[in-house]
Amino acid sequence: MKNHLIAEAAALLGVTEDYLIGNHEGISCNEAAKILGVTPKTVWLKAKSAEIPSTSVKKKGRLVYRFQLSDIFKYKEELAKFEPEVLSNGSGVYLFQRWNNSEKKKFGRVVKIEHSPKSSFIAYIQTEDGSILPEEDLRNAGWVPELIVIENKKRKYMNGTVTLCYPKPKDINDSLYDYILFLFSEFGLNNIQLIFLNETIVIETKKYTSTSKWDDSHIKWLVQGLQDGGGSITQGENEFTLEPDLEGYLANLSGEKRRAINHVIQVDQITKQDLVESGMDLYLETFHPHIYNQLKEKGLIRAINK
């Protein structure tokens, strides 16, 4: 293996080069995730689908994936080819927005926004017949946007990153596009990064608490995106919170709650990813009620809606 890869990996992981050289079975999902800059669950899913080469080894009675550094850095080069999509041109035109002609008999959808040589943004709209034309051309022909007001709001106290993964819609009529517009409106464009990765749309957002009304179809899409991506939902009495992967979330918890969670991980020998998928507060209430009640008395636990 090239020495510069070992040196780069050692720096990213905070380990010695000798440790990596002597680690013949390969690095873990967590270590691979740190190198790639994604969540451990994303790495696990890529290994499961064989998108990233891996081997399986048995640890504490369960099979886990292990990766060679050369394979991880090769995949990292592939990821670098996929730049985040531009979501908005800054003047009320945004990705996947619906447009219609003046007679409202035909509609189209913004399918791409890109930088122009003049450092402005050009939006391209695909119509029902498959044509893709610049926004300006269709606007001059009487087309107008079906506006959805999306505030470029910025939330405070945003801890970690939640990853949502959806299959790329087959055509501009797909209802998934309208659901993604709903996400844009809920989260705010400034809080989202969107990437097309092969046939998948990957949406990354920060920790998010919702107190607004989501209909059943939106909840269904949300849960599906979390299952395919990374993160979990913690439910409260009149709200729910999207939690990021535990690595990012733990780093931003209060010191006392972080110490309690780390203690539970050590005692139960549960992985951080398993814990976040179980729902952290729900896991504490079920298996460690004494710790749960202590944290709840101090206001460090949300009430869980049963």
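Guide: Helices here are DSSP runs of H or I with at least four residues, strands are runs of E with at least two, and both are numbered from the N terminus. Counted in that way, the protein has 13 helices and 13 strands, and the model that shows them is a predicted one.

The part to look at is the pair formed by helix α12, residues 280-287, and helix α13, residues 289-297, whose axes come within 5 Å and cross at roughly 125 degrees. Two packed helices are described by the angle between their axes and the distance between the axes. On the α12 side the contact is made by Asp-281, Leu-284, Glu-285, Thr-286 and Phe-287, while α13 brings Pro-289, Ile-291, Tyr-292 and Leu-295 to it. Sorted by class, these contact residues of α12 and α13 comprise six nonpolar, one polar and two charged.

Between the two helices lies a loop, and His-288 is found in it. Is this histidine buried or exposed? With a relative accessible area of 16%, His-288 falls under the 20% cut-off and therefore counts as buried. Leaving aside residues up to four places away in sequence, His-288 touches Val-264, Asp-268 and Tyr-283.

Turning from this part to the protein as a whole, buried residues make up 44% of its 306 residues. Of the contacts between residues at least 6 apart in sequence, 58% join residues at least 24 apart.

Salt bridges give particular examples of links along and across the chain, and the structure holds seven of them. One of these joins the side chains of Lys-76 and Glu-8, with a distance of 3.9 Å from N to O. It connects distant parts of the chain, since Lys-76 belongs to helix α5 (residues 69-79) and Glu-8 to helix α1 (residues 3-13), and the two residues are 68 residues apart. Lys-76 has a relative accessibility of 27% and counts as partly exposed, and Glu-8, at 35%, is likewise classed as partly exposed.

A further salt bridge pairs Asp-178 with Arg-109, whose closest N and O atoms are 3.3 Å apart. This pair also links distant parts of the chain, from helix α7 (residues 175-187), where Asp-178 sits, to strand β4 (residues 107-115), where Arg-109 sits, 69 residues apart. Asp-178 is partly exposed, with a relative accessible area of 31%, whereas Arg-109 is buried, with a value of 0%. In the salt bridge of Glu-51 with Lys-46, the closest N and O atoms are 3.3 Å apart; Glu-51 is partly exposed at 32% relative accessible area, while Lys-46 is buried at 16%.

β4 pairs in the antiparallel sense with strand β5 (residues 121-127) over seven bridges, and Ile-113 stands opposite Ala-123 in β5. β5 is in turn joined by three bridges to strand β6 (residues 132-134), and these two strands run antiparallel, with Ile-132 in β6 as the bridge partner of Gln-126. β5 and β6 form a hairpin that has four residues between its strands, and in the turn Gly-130 has a positive phi of about 95 degrees.

Another set of strands forms an open sheet of three, in the order β11-β13-β12, with antiparallel pairing. β11 (208-210) and β12 (232-235) stand at its edges, and because each has a single partner strand, one side of each is left without a neighbour in the sheet. On average, with direction ignored, neighbouring strands of this sheet are turned by 20 degrees against each other. The pairing of β11 with strand β13 (residues 240-243) is antiparallel and extends over three bridges, and Tyr-208 has Leu-242 in β13 as its bridge partner.

Key: Residues numbered from 1 in each chain as written. Predicted model: local features only at pLDDT ≥ 70, side-chain atom pairs only at ≥ 80, totals over all residues. Heavy atoms only, no water. Axes fitted to C-alpha atoms, helices over the stretch in contact; angles between N-to-C directions. Contact = heavy atoms within 4.5 Å. Nonpolar A, V, L, I, M, F, W, Y, C, P; charged D, E, K, R; others polar. Pairing = 2+ DSSP bridges. Salt bridge = Lys/Arg side-chain N within 4 Å of Asp/Glu carboxyl O. Buried < 20%, exposed > 50% of the residue type's maximum accessible area, 1.4 Å probe, protein only.
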